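Have the structure open as you read.

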Amino acid sequence: MRETAHLFGTEQSLFGVVTHPQEGSASRTGVVILNAGQVHHVGPNRVHAGVARHLAGAGFITARIDQSGKGESPVRSGLVRTESLVRDFDDVESYMSSLGVDRYVIFGLCSGADDALIIAHQRQQVSGLALLDSFVEHNRLRYVDYVLRTALDFYWVRHAPRNVVPRVKGLLLNKGNQVDVRDWDEPEVMNGYYNDFIDRGGNLIAIFTHGARYYSRRGQLASALGASRGLKEIYLKDASHTYCERAHRESMYSHISEWMLQTFPEN
Amino acid sequence: MLPAYFGDPPDFFGITHMSETTRRSHSLIICQPLLGEAIWTHWALKQIAQWAAQEGYDVFRFDFSGTGNSMVDSTSVGLASWTGDVDRALDLMQERSGNSRVSVLAVRLGFALAASVSFRRDIENLVGWDPVLDGRTWLADRKIDLENHSDGTVDLQGIALQVGFIAELEALETRNVDSVQSSAITTAGHSWDYPPEHMGIDVVKSPDAWNWREPLPALFYAHESVRLICEQLS
């Protein structure tokens, strides 16, 4: 396995690191990893570097990029969000196709998952989505449900001094990090993105953690979409939103690489 | 901006910004902080690198072994690897730019690592940003559970480090930086391990309300600190 650093696109402005599998073992399915919020291409707790190397070990060429306006990549001026997202994808696709890749899986955590859905809606080459704590339709009782789950969850009680106390303190001081920064469209639009993707034969793995406060029951996404075809849904109940613990990161890496090998088995 | 992996095997990641105007014959090495702190300061350090390139510096910033984009297995890393990375960055930049004059901007624990090589390298100006002088202080903030490991490693924000390396970090001390002209930008929450005046460090206080323990997204943008650092370098 080796990694190469790139500036993609005709303007040579889109930064990315490509992880190459061993010589001669590369699949025709490539993976593009998007930013998690404002965190650069290494990912929170090095998740993006970890998943890229895990997937390259399984034979998939993987590019983790800094989307325009994040990390090392400058903003594409004059473009709205969707246009910028698609241009980024086109630039990295142009490079990966030169390596023999002709279908793509997009990996996204948090807002990266939201961006992945939008790109998949715009580009037919996207055959798979690996989404962590992505959008799922929820009801108004979700916070009550979240509090109950937290109170009854031994993991969070055990970690209370580190996790709960600072959050409560932050909320009381009105300085907490509970601000909802996700930029979701209306539920019917978001569900439409999912359904259109699955209807055209796309495959999706959605992994949710305890950190997704709006996720209150297993199978919630399948239930909201009214179908389970093309969808694998997993709940890692002890994992935090940014996968702070090694065991949870490794569990997530394994789930995704197993799903990749089953869904795109032509290695 | 030229991102690349260096070495044989190519496992050392760094980004070079060659000067965009009349060259000063002066290079700047940026030693970023470690782990999560590297993420929080990334935007600010990129801004500083771009400013410095516009001002005529050749700039190099890099990821310490076993962190960020480095291809080095983090469980094989020791203190000598991280101080060796500073040496490697200095060598690489000297080779690429041909400049003999070099300044170093070092953030948090990066300062202790840069200071430890400053005695044997010809560094013109060492600028710190909330410098950590002792590894013990930095580790105390990490709240590491040294008892809770099964394979001889501890997980620090996504990076598995040998328990033996943690002991090396605990012993890392910076008692003085007399061999080099030193200054430091400090934010509101910074506290010194020793009085900086006894260390030969000139201090400039930044009004940025940075808190290294509980970073908020707003702190990706430490405008005043960036401005003061650029002032110190110019």
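## Chain A at a glance

Of the 267 residues in chain A, 41% are buried. Keep in mind that this is a predicted model. Chain A has 9 helices and 8 strands. Take its contacts between residues at least 6 apart in sequence, and 70% of them join residues at least 24 apart.

## Where the chains meet

The contact between the chains involves 20 residues of chain A and 20 residues of chain B. On the chain A side, the elements giving two or more residues are strand 1 (2-8), strand 2 (14-20) and helix 1 (47-57). Strand 1 of chain A supplies the largest share, with 4 residues. Sorted by class, the chain A side has 8 nonpolar, 7 polar and 5 charged residues.

## The nonpolar core

The largest nonpolar core has 127 residues, and the members touching the most others are A:Val32, A:Ile106, A:Leu129 and B:Ile29. Helix 1 of chain B (residues 36-54) gives this core its largest share, 8 residues.

Leaving out residues up to four places away in sequence, B:Ile29 touches B:Phe60, B:Ala89, B:Leu90, B:Met93, B:Val102 and B:Val104.

## Strand 4 of chain B

Why can strand 4 of chain B (residues 58-62) be called largely enclosed by the rest of the structure? Because 5 of its 5 residues are buried. Both faces are covered, with B:Asp58, B:Phe60 and B:Phe62 on one side and B:Val59 and B:Arg61 on the other.

Strand 4 of chain B has pairing partners too. With strand 2 of chain B (residues 12-17) the pairing is antiparallel, over 4 bridges, and B:Ile15 sits opposite B:Arg61. Strand 3 of chain B (residues 26-31) runs parallel to strand 4 of chain B and is joined to it by 4 bridges; here B:Ile29 has B:Phe60 as its bridge partner. Going from strand 3 to strand 4 of chain B, the chain passes through helix 1 of chain B, making a right-handed β-α-β crossover.

In chain B, a cis peptide bond joins B:Asp8 and B:Pro9, with omega at about 5 degrees. B:Pro9 belongs to the loop between strand 1 (2-6) and strand 2 of chain B.

Two non-glycine residues with positive phi are also worth checking: A:Arg46, at about 60 degrees, and B:Gln157, at about 45 degrees. Are they buried or partly exposed? A:Arg46, in the loop between strand 3 and helix 1 of chain A, is buried, because 24 other C-beta atoms lie within 10 Å. B:Gln157, in the loop between strand 7 (153-156) and strand 8 (159-162) of chain B, has 17 such atoms within 10 Å, so B:Gln157 counts as partly exposed.

Notes: Residues numbered from 1 in each chain as written. Chains lettered and ligands numbered in written order. Predicted model: local features only at pLDDT ≥ 70, side-chain atom pairs only at ≥ 80, totals over all residues. Contact = placed C-beta atoms within 7 Å. Nonpolar A, V, L, I, M, F, W, Y, C, P; charged D, E, K, R; others polar. Buried ≥ 20, exposed ≤ 12 C-beta atoms within 10 Å, placed from the backbone. Core = buried A, V, L, I, M, F, W, Y, C linked by C-beta atoms within 7 Å. Pairing = 2+ DSSP bridges. Right-handed = clockwise from strand over helix to strand, strands pointing away.
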